[in-house]
Amino acid sequence: MNTKAVRIHGKMDLRLEDISLPEVGPDDVQVKIISDSVCMSTYKAAVEGAEHKRVPDDVAEHPTIVGHEFCGDIVAVGENWKRKYQPGQHFAIQPAHFYKGSLMAPGYSYQHCGGSAQYANIPIETLLMDCVLPYHSDTYFYGSLAEPMSCIVGTYHAMYHTTPGSYVHEMGIKEGGKLALLASVGPMGLGAIDYALHCDRRPSLLVVTDIDDARLKRAESIYTVEEAKKQGIALHYVNTRMENATAYLRELSGGTGYDDVICFAPVKPVVEQAGDILGYDGCLNFFAGPTNTQFKAEFNFYNVHYLYTHLVGTSGGNTDDMREAIEMMNAGKLNPAAMVTHIGGLNAVVDTVLNLPQIPGGKKLIYNHIDLPLTAIDDFEEKGRADPLFAELDKLCKAHNGLWNGEAEKYLLANAKAI
């Protein structure tokens with residue numbers, strides 16, 4: 001089968017190309033990819049090229065397909081997998097399968113599988129590790145966002161707390177405790193707010209910070225203080241550009257500091273502020289991976305010794321985390337649509353990935369079978385004056401509080417120009 005795909009050839013060298021997939025053999029599952037959301041990790045892979053831990057050393061000779069947050073339909077199943085998969089099933093994928101400890105993953109390591117393709121052959125490692133997950137919904141973009149949501153779910157599960165005199169760690173954020181999310185109104189931070197408000201282990205205090213008033217106001221319009229109060233959570237949005245911001249954050253905690261702090265920016269002052277607001281037995285999760293291999297920040301080791309503060313880091317979630325994310329979305333407990341600020345077609349992937357840090361907003365959602373420039377949802381109204389496609393998309397999004405939604409997706413897929 002022939003397909004269009006975006007492949008990495010080296011550092012900052014991505015190309016949209018026509019390639020041929022091998023015939024489906026007994027151990028193969030072939031899929032049609034409908035949507036893929038662009039992750040900062042893909043930009044990092046483009047920056048590092050073959051130096052990236054998941055990108056093969058010989059990528060210049062054997063380019064691999066990028067994109068790892070994808071969802072679509074199963075179209076062909078080899079004989080050895082017919083008891084588990086059938087053509088026509090919807091699927092979402094967990095790319096981090098860690099088969100026999102390997103870091104290889106779809107979207108980085110494989111010549112015939114990645115989210116930035118119209119069709120792909122699933123690697124045997126992904127199948128053996130049960131990382132092709134049934135997805136029972138006709139809204140595809142939620143399936144794409146299940147992977148980033150699984151990273152958030154995993155972050156919450158990785159937090160831990162201790163009991164004096166015991167060496168047993170109690171996993172998860174402290175139920176009924178105090179939680180701070182720093183630099184947390186980007187796409188992943190918004191997902192973290194959503195999960196904190198609706199998971200089964202909620203804090204009593206949730207403080208969300210950033211340095212951008214517009215982004216904070218957007219977050220508050222989606223996840224309101226009133227909604228949080230109904231969940232038994234006191235929610236505060238704080239712009240930390242203020243003087244003595246760290247002291248103010250500690251004051252909000254009642255002066256005792258926070259049980260859990262998650263840092264969403266690899267910025268030295270933010271990381272240090274996260275450490276400075278920890279309370280007794282406080283757990284700091286450094287979520288945002290830096291591109292600088294020498295990134296460092298100070299941490300108070302007096303408090304490590306006497307207040308039992310501690311640090312964890314997470315990079316991705318596991319398959320159980322992704323199943324939890326999908327179940328919560330299907331149950332209406334999570335709505336990751338807030339993450340999405342732009343949509344585009346497969347033709348927009350190369351420029352989007354290579355310029356990702358300079359493009360404002362949240363998640364860039366790609367539909368792989370259409371030709372569409374990357375477009376902000378906020379620009380739909382203006383573009384709709386000349387293009388009826390955007391006029392209708394604007395109408396559908398405004399009916400959902402300005403968010404991307406299943407109705408808009410269906411309209412787009414039915415009416416956009418095919419690539």
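Reader: At what angle do α3 and α10 pack, and how far apart are their axes?
Author: This is a predicted model. Two packed helices are described by the angle between their axes and the distance between the axes. For α3 and α10 the angle is about 120°, and the axes are 7 Å apart.

Reader: Is α3 oblique or roughly perpendicular to α10?
Author: Angles from 65 to 115 degrees count as roughly perpendicular, and those over 145 as roughly antiparallel.

Reader: Which residues of α10 make the contact with α3?
Author: The crossing of α3 and α10 is right-handed. On the α3 side, the contact includes Tyr142, Gly143, Ala146 and Glu147. On the α10 side, the residues are Asp321, Met322, Glu324, Ala325, Ile326 and Met329.

Reader: How do α3 and α4 pack, and is α3 oblique or roughly parallel to α4?
Author: Helix α3 spans residues 140-158 and helix α4 residues 187-198; their axes are 9 Å apart, at an angle of about 60°. Angles under 35 degrees count as roughly parallel, and 65 to 115 as roughly perpendicular.

Reader: Which residues of α4 does α3 meet?
Author: The crossing of α3 and α4 is right-handed. From α3, the residues involved include Pro148, Met149, Cys151 and Ile152. In α4 they meet Met188, Gly191, Ala192, Tyr195 and Ala196.

Reader: Is proline 336 buried or exposed?
Author: Proline 336 is found in the loop between α10 (319-330) and β17 (340-345). Not counting residues up to four places away in sequence, proline 336 touches Tyr142, Leu145, Met149, Asp194 and Met329. Buried means under 20% relative accessible area. The value for proline 336 is 1%, so proline 336 is buried.

Reader: How far apart are proline 336 and proline 148 in space?
Author: In sequence, proline 336 and proline 148 are 188 residues apart. In space, from C-alpha to C-alpha, the distance between proline 336 and proline 148 is 9.4 Å.

Reader: What does threonine 155 touch?
Author: Threonine 155 lies in helix α3. With a relative accessible area of 1%, threonine 155 is buried. Leaving out residues up to four places away in sequence, threonine 155 touches Ile262, Asn285, Phe287 and Thr314.

Reader: How many aromatic pairs are in the whole structure, and is the pair of phenylalanine 264 and phenylalanine 287 stacked, tilted or edge-to-face?
Author: A search of the whole structure finds 12 aromatic pairs. Phenylalanine 264 and phenylalanine 287 are 4.9 Å apart, centre to centre, with 40° between the planes. Planes under 30 degrees apart count as stacked and over 60 as edge-to-face, so this pair is tilted.

Reader: Which parts does the pair of phenylalanine 264 and phenylalanine 287 tie together, and how many residues apart are they in sequence?
Author: Both phenylalanine 264 and phenylalanine 287 are buried. Phenylalanine 264 lies in the loop between β14 (258-263) and α8 (268-276), and phenylalanine 287 in the loop between β15 (278-286) and α9 (301-306). The pair therefore ties together two loops, and the distance in sequence is 23 residues.

Reader: Is the pair of phenylalanine 299 and phenylalanine 301 tilted or edge-to-face?
Author: The ring centres of phenylalanine 299 and phenylalanine 301 are 5.9 Å apart, with the planes at 80°. Planes over 60 degrees apart count as edge-to-face. The pair is therefore edge-to-face.

Reader: Is phenylalanine 301 buried or exposed?
Author: Phenylalanine 301 has a relative accessibility of 60%. Exposed means over 50%, so phenylalanine 301 counts as exposed.

Reader: How do α13 and α14 cross, and is α13 roughly parallel or roughly antiparallel to α14?
Author: The axes of helix α13 (residues 388-398) and helix α14 (residues 406-415) come within 9 Å and cross at roughly 165°. The crossing is right-handed. Angles over 145 degrees count as roughly antiparallel. That makes α13, relative to α14, roughly antiparallel.

Reader: Which elements do the buried residues of α1 pack against?
Author: In helix α1 (residues 40-48), Thr42, Tyr43, Lys44, Ala45 and Ala46 are buried. The buried residues of α1 pack against β1 (2-10), β2 (13-20) and α11 (349-354).

Definitions and conventions
Residues are numbered from 1 along each chain as its sequence is written. This is a predicted model: local features need pLDDT of at least 70, side-chain atom pairs count only at pLDDT 80 or more; totals for chains, interfaces and linings use all residues. Side-chain values use heavy atoms; hydrogens and water are left out. Rings of Phe, Tyr and Trp (its six-membered ring) pair if their centres lie within 6.5 Å; planes under 30 degrees apart count as stacked, over 60 as edge-to-face and the rest as tilted. Helices (H or I, at least four residues) and strands (E, at least two) are DSSP runs, numbered from the N terminus. Buried means under 20% relative accessible area, exposed over 50%, partly exposed in between (1.4 Å probe, protein chains only). Axes are lines fitted to C-alpha atoms, for helices over the stretch in contact, and angles run from 0 to 180 degrees between N-to-C directions. A crossing is left-handed if the near helix is turned anticlockwise from the far one by less than a right angle, and right-handed if clockwise. Contact means heavy atoms within 4.5 Å.
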